[in-house]
Amino acid sequence: YLHILTIDKAGNRIETVSNKITVKEITGSIDVTGPTWQEDGTAEIEISTDNPDVKIEYQVNDDEWKEYEGPITGLENGDTVNIKLTNGDEEGEEKTIEIKDENPPEVEITVEDKTTNEITVKVDATDKESGAGSNLTYTYYIKKTGEPDSSYVKVESTNNPTYTFTGLEQGTGYDIKVEVTDKAGNTGSKVIENQ
């Protein structure tokens with residue numbers, strides 16, 4: 001029973017006894033699996049709890065709270081997912097997950113063609129996270145072999161994975177560097193030397 005004692009301005013003591021109050025403490029932890037990145041550049045997460053008697057609710061960014069019924073799909077890089085346990089009246093543990101793509105693309109360079117003054121390269125970049133597909137930016141650099149790395153000259157930044165370096169000197173070796181940036185801003189790079 002809950003006893004409440006109040007004293008009014010005149011100094012009268014009033015004691016109130018309320019009915020029995022039951023407070024159910026919600027126990028249990030929240031476990032999150034993922035994010036797992038999909039081919040379309042979105043992510044999904046799965047949520048579980050070790051307490052079968054509570055419900056899991058979640059909120060993406062500032063959207064409405066929903067009851068968790070299975071994997072949350074269609075999440076974008078930068079989304080925030082708020083998660084809580086509830087028994088309908090009280091709430092238990094809360095957790096916030098930020099969806100972040102922090103992995104740079106993996107880059108491979110193939111020389112497609114060489115002439116006396118041109119080199120054409122093709123870049124193969126794989127990015128399994130949010131930057132998949134056509135959202136990659138390719139930045140092409142070149143320098144003469146033997147020069148320091150600070151000598152690289154940026155010649156093009158494009159979303160085309162093939163590029164032809166022109167105006168080259170016959171009989172001269174060149175180092176080619178390509179940086180590939182995904183839409184989350186992560187950059188991977190590769191160098192081929194003495195072409």
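Residues are numbered from 1 along each chain as its sequence is written, and side-chain values use heavy atoms, with hydrogens and water left out. Because the model is predicted, local features need pLDDT of at least 70 and side-chain atom pairs count only at pLDDT 80 or more, whereas totals for chains, interfaces and linings use all residues.

**View 1. Salt bridge between Lys190 and Glu108.** A salt bridge is a side-chain nitrogen of Lys or Arg within 4 Å of a carboxyl oxygen of Asp or Glu; eight are counted by this rule. Here the N to O distance is 3.7 Å. Lys190 belongs to strand β16 (residues 187-192) and Glu108 to strand β10 (residues 106-114), 82 residues apart. Strands (E, at least two residues) are DSSP runs, numbered from the N terminus. Lys190 has 29% relative accessibility and Glu108 has 44%; each counts as partly exposed, a class that lies between buried (under 20% relative accessible area) and exposed (over 50%), using a 1.4 Å probe and protein chains only.

**View 2. Salt bridge between Lys144 and Glu169.** The closest N and O atoms are 3.0 Å apart. Lys144 is in strand β12 (residues 137-144) and Glu169 is in the loop between β14 (162-165) and β15 (174-181), so the contact ties together parts 25 residues apart in sequence. Lys144 is partly exposed at 31%, as is Glu169 at 44%.

**View 3. Salt bridge between Glu179 and Lys177.** The closest N and O atoms lie 3.9 Å apart. Glu179 is partly exposed at 22%, while Lys177 is buried at 18%.

**View 4. Network of salt bridges.** Glu57, Lys84 and Glu91 are the residues linked in this network.

Conventions
Helix = DSSP H or I, 4+ residues; strand = E, 2+ residues; numbered from the N terminus.
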